[in-house]
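Hi,

Here is the structure I promised to pass on. Have a look at it first, and then read my notes below.

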Amino acid sequence: MSDHLSGAVSKATPRVQQVTILGATGTIGQQTLDVIARHPDRFSVYALSAHARVDALFEQCVRFQPRYAVMLDADAAERLQQKLQVAGQATQVLQGMAAMEQIASDPQVDAVMAAIVGAAGLRPALAAARSGKRILLANKETLVMAGHLFMQAVEQGGATLLPIDSEHNAVFQVMPASHRGDLAAAGIRRILLTASGGPFRKLDRHALQTVTTAQALHHPNWVMGPKITIDSATLMNKGLEVIEAHWLFAATPDQIDVVVHPQSVIHSMVEYIDGSVLAQLGNPDMRTPIAYALGYPQRLESGVAALDLFKIGHFDFEAPDLQRFPCLRLAYEALRAGGSASTVLNAANEVAVAAYLAHDIGFMDIPRLIEQVLAQTALIQADTLADLEAVDAQARHDAHAWMARQNLKRCVS
């Protein structure tokens, strides 16, 4: 792993770390606060952010007393400020994307949990990287949209990058400390990312045409937000993780394989040239990777129950079916295409998932839309954030235009 990915090991007594949580009211944000609450001698909440969930952020502010609370939505920020004033709370409320970037780069902040879902998380994550923060990266889209720019910012800013996705966190844990961006030199043959297979693992392609959003939102193993849960059902989540793994571990597409493991106990594996396969196991609870990253290189108590192998009894493994779940194939194709292809993939997927959650398109329309947008949106070698944001906007426009042409209205409940 690169020096920036692993960070330096300090033998000094840990001081209280000031933590900013971007996306505090989401699932990862809530679980991060749960871990922090178990270690008040180690961590203090400096700032929290949310899009528009006023009541949830208010309760968090009352409990954790951050210096700042940021709402992306202006009306929500005003309502939060009023509630805090009435409650006699000193937390200062800020509003907008510039404020998100401010709390991610504030000199007093030691660590930033980047857990905003979607493209909205890119700018504050970049701000944290440029400011040399310890970044706990839970936002997939940062690397999928702007992997080259983000990793460059990490390098130039001297930031420490720790992956939070359970799969990448598992790979991080079982890779040798000597890894410096060259898998072959570290004796690594390939990375094996495990996937639960989602709620529709056993359904045939015909049955997938009529699955409802309620069914898709019922994940068999993990408790996650709606967007990532739908991505898990389509296997796009795993496709995005393949792209993440490419940037995090300097792995080529041919060095990254996906293995369906329905128990979600083996979180990922690394295969070495001597035949060894090292795996990280644990109950499917995101507090494990969160605690690992918060405490690294030390281990912290996370609140996660001990793994009972006797209760699990056995492990199953399957190859992913790219015919039934073409989103994974599309992600590999975007990674191989390079340039802005992954940005287009991500934008089209965000539009498609939002439309599916709104009951405007069917489940199998998600990969259809993405494939069409990838085929028609011009790809470029994006060198700046402005370039990537322009590509992102064009891909979203193309996605909405395609839906309008198809006159899609598949109301599924």
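Which residue of β11 does I266 stand opposite? I266 faces L281 in β11. Before the rest, a word on the ground rules: this is a predicted model, so I kept to local features with pLDDT of at least 70 and to side-chain atom pairs at pLDDT 80 or more, while totals for chains, interfaces and linings use all residues. Residues are numbered from 1 along each chain as its sequence is written, and side-chain values use heavy atoms, with hydrogens and water left out.

Strands count as paired if DSSP finds at least two bridges between them.

I266 belongs to strand β10 (residues 266-272), which runs antiparallel to β11 and is joined to it by five bridges. Both are part of an open sheet of four strands, ordered β9-β8-β10-β11, with mixed pairing. β9 (256-260) and β11 (277-281) stand at the edges with a single partner strand each, so one side of each has no neighbour in the sheet. From one strand to the next the twist averages 20°; for angles like this, axes are lines fitted to C-alpha atoms (for helices, over the stretch in contact), and the angle between N-to-C directions runs from 0 to 180 degrees.

Helix α8 (residues 166-174) lies across β8 (188-195), β10 and β11, at about 40° to β10. In the loop between β10 and β11 you will find I273. I273 has a relative accessible area of 55%, so it counts as exposed (exposed is over 50%, buried is under 20%, and partly exposed is in between, with a 1.4 Å probe and protein chains only). Leaving out residues up to four places away in sequence, I273 touches G187, I188 and R189, where contact means heavy atoms within 4.5 Å.

**The seven-stranded sheet**

There is also an open sheet of seven strands, in the order β4-β3-β2-β1-β5-β6-β7, and here the pairing is parallel. Its edge strands are β4 (92-95) and β7 (160-163), each pairing on one side only. β1 (residues 17-22) and β2 (residues 43-50) pair over five bridges, with Q17 opposite F43. Helix α2 (residues 27-37) lies across β1, β2 and β5 (111-114), and runs at about 160° to β1. Helix α4 (residues 74-86) packs on the sheet as well, touching β3 (68-71) and β4, with its direction at about 175° to that of β4.

At the β7 end, β6 (residues 134-137) and β7 pair over four bridges, and R134 has T160 as its bridge partner. The chain goes from β6 through helix α7 (residues 140-157) to β7 in a right-handed β-α-β crossover (with the strands pointing away from the viewer, the path from the first strand over the helix to the second runs clockwise). In β7, T160 and L162 point one way and L161 and P163 the other, and all are buried.

**A helix pair**

Helices α16 (residues 341-357) and α17 (residues 365-376) have axes that come within 9 Å and cross at roughly 145°. On the α16 side the contact includes A341, V344 and L345, and on the α17 side I366 and L369 are among the residues involved. Also in α16 is T343, which counts as buried at 1% relative accessibility. Its contacts, apart from neighbours within four places in sequence, are V144, M145, L388, V391 and D392.

Most residues other than glycine have a negative phi, and most peptide bonds are trans.

- Y296 and P297 are joined by a cis peptide bond, with omega about 10°; P297 is in the loop between α13 (287-295) and α14 (309-312).
- Q65, not a glycine, has a positive phi of about 55°. Q65 sits in the loop between α3 (54-64) and β3 and is partly exposed at 45%.
- L235 has a positive phi near 70°. L235 lies between α11 (226-234) and α12 (236-249) and is buried at 5%.

Cheers

Key: Helix = DSSP H or I, 4+ residues; strand = E, 2+ residues; numbered from the N terminus.
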